[in-house]
Amino acid sequence: MSFIIRLSLLLLSLVATRVLGFQTIEPLRSKPNQQYVIEKHKTAQTVPLYSSLQEDRKSEVSSRSDQAHHTDTAAKKLHQKKFKLHRKKKLPIIRIEGNDEATLKTHHGHNQHHHHSTVEQHSINHHHNQHHRDHSQPILNLHHKRSHNARHTAYSHELHQQNAEPTPEEQSHTLTIEQMNPILKWTNGKGKTKVINLYGLYNLFIIAVTLPMWLLSMEVLQRLGDWNQEFDTNRAKFDYSGKLWCRTYLKLINSYPEIHGDIRRLQDEEHDDGRACLFVANHASFIDIAVLCTVLDPVFKFIAKDSLVKVPGVGKQLVGGEHVLIDRNDKRSQLRSFKQGINYLKDGVPIMAFPEGARSPDGRLMAFKPVKAKVPIVPLSIANTHAVMPSGVAFVPIQTGKGKLRVYVHDPIEVEGKSEEEISTKVREALLSQLPKDQHPLSEE
């Protein structure tokens, strides 16, 4: 009976192993209460079923990713083709939206996420594609609205225009006495207020240091010129010592002017083919003389009033350089000065004159004295010297001239066939064209 039972159990175990996929282990005989331990394993039938589900899922996701990749690639190629077309034909920027050839849809997973690709084209800059996740209807927009950088650039440009610095012709650099921050303030015998500030003291220090060297150089050159006339024709070397001092002084006080216009005309070898000319400029400050010395490289002679002889350095330069000095109270002196100027022009030496005849008290262009000349006239517009060294208020500069002082060299004005009035009008128009508004006469603003 027991043999039959055991045989039955063996047959059942074989059937279970073949059909159900279970494996039996021989009963433990060490203990009286023996039990059968049955372990469950994944058989050849269960493992392939589970693995196939995973592989199918992966292949589905991979195919969708490849489809999205091919879709993006096609969109890029379409954009590049149309971008080249726009660049070649220089067509205007067009925004294309809608469910036409520019519309692409891709679905991802059960949530059906869509790639919303935006492509932007600018008329100058090349912008790359920007891909954004969007749960709404996806649209590929060729020539989409401006990117963040483009919007930022446009906003910055607009802000710059709103807060732009005024042009030199509109900006005024004139200071009030309070803005000058004077450390000394007094009234002279004529009732005019004079001031000096910290910057003015610095100017006095620079003058005190450099003036002795200038005086010494003039003394040496004058003696050499007197000893040998050929050594210094027309006192050109003597005058150059003054130009060198003026340029050094303006650089040390940070007031070297900006020079614009027909600068090549001021070079010796191209100076009107050797023809002399008459330089004319507006006169608004005592520092105009130093500013002009930075511009006029060739030898030239000032027409100046004889009272400047008393100014240290400047007086010795005018006398030793044999410039044209005019005594307004002596007609004979004026006649001699006129003849001296004519002789310089005949010898090819340019003359520098201020047609206003005096310094403007407020920097505005004043009426001209009659302009008589038989040589070309070259106007020189000097801007903002009245703000750096106001006439009648300060005897030294009260603010730096950097970014303020400007000299503009105009084209020559031919005088042949023109009356004195026509010449004066053309000179005046040329000077005003490059002067700031606060230097224009009140009647012409």
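A: Seven salt bridges are present in the structure, the term denoting a side-chain nitrogen of Lys or Arg within 4 Å of a carboxyl oxygen of Asp or Glu. The model is predicted, and local features need pLDDT of at least 70, side-chain atom pairs count only at pLDDT 80 or more, and totals for chains, interfaces and linings use all residues. Residues are numbered from 1 along each chain as its sequence is written, and side-chain values use heavy atoms, with hydrogens and water left out.

One of the bridges joins Arg235 to Glu322, with the closest N and O atoms 3.8 Å apart. Arg235 belongs to the loop between H4 and H5, and Glu322 to the loop between helix H7 (314-320) and strand E9 (324-326), so the bridge ties together parts 87 residues apart in sequence. Helices (H or I, at least four residues) and strands (E, at least two) are DSSP runs, numbered from the N terminus. Arg235 is buried at a relative accessible area of 6%, while Glu322, at 39%, is partly exposed. Here buried means under 20% relative accessible area, exposed over 50%, and partly exposed in between (1.4 Å probe, protein chains only).

Helix H5 takes part in two further bridges. Asp239 lies in helix H5 and Lys301 in strand E8 (residues 301-305), so parts that are 62 residues apart in sequence are tied together. Asp239 is buried, with 6% relative accessibility, and Lys301 is also buried, at 0%. In the other pair, Asp297 and Arg247 form a salt bridge of 2.5 Å, N to O. This bridge links distant parts of the chain, since Asp297 is in the loop between helix H6 (288-293) and E8 and Arg247 is in helix H5, 50 residues apart. Asp297 is partly exposed, with a relative accessible area of 42%, whereas Arg247 counts as buried at 14%. Elsewhere, Glu219, Arg223 and Lys316 are linked in a network of salt bridges.

Within E8, Lys301 stands opposite Ile351 of E10, and two bridges join E8 to strand E10 (residues 351-353), the strands running parallel. E8 is also joined to E9 by three bridges, again in parallel, and Ala304 stands opposite Leu325 in E9.

Charged groups also meet aromatic rings, a charge sitting over a ring if NZ of Lys or CZ of Arg is within 6 Å of the ring centre and within 35 degrees of the ring normal. The charged end of Lys237 sits over the ring of Phe231, 5.2 Å from its centre. Lys251 lies over the face of Tyr256, at 5.3 Å from the ring centre.

The aromatic contacts complete the picture. Rings of Phe, Tyr and Trp (its six-membered ring) pair if their centres lie within 6.5 Å; planes under 30 degrees apart count as stacked, over 60 as edge-to-face and the rest as tilted. Four aromatic pairs occur in the structure. In one of them, Trp186 and Phe395 are tilted, with 6.2 Å centre to centre and 55 degrees between the planes. The pair links distant parts of the chain, with Trp186 in strand E4 and Phe395 in the loop between helix H9 (385-388) and strand E12 (406-409), 209 residues apart. Trp186 is partly exposed at 34% relative accessibility, and Phe395 is partly exposed at 43%. Trp245 and Tyr249 have ring centres 5.1 Å apart and planes at 5 degrees, so that pair is stacked. Both residues lie in helix H5 (residues 236-252), four residues apart, about one turn of the helix. Trp245 is buried at 14%, and Tyr249 is buried at 5%. Trp214, Trp245 and Tyr249 form one aromatic cluster.

Notes. Pairing = 2+ DSSP bridges.
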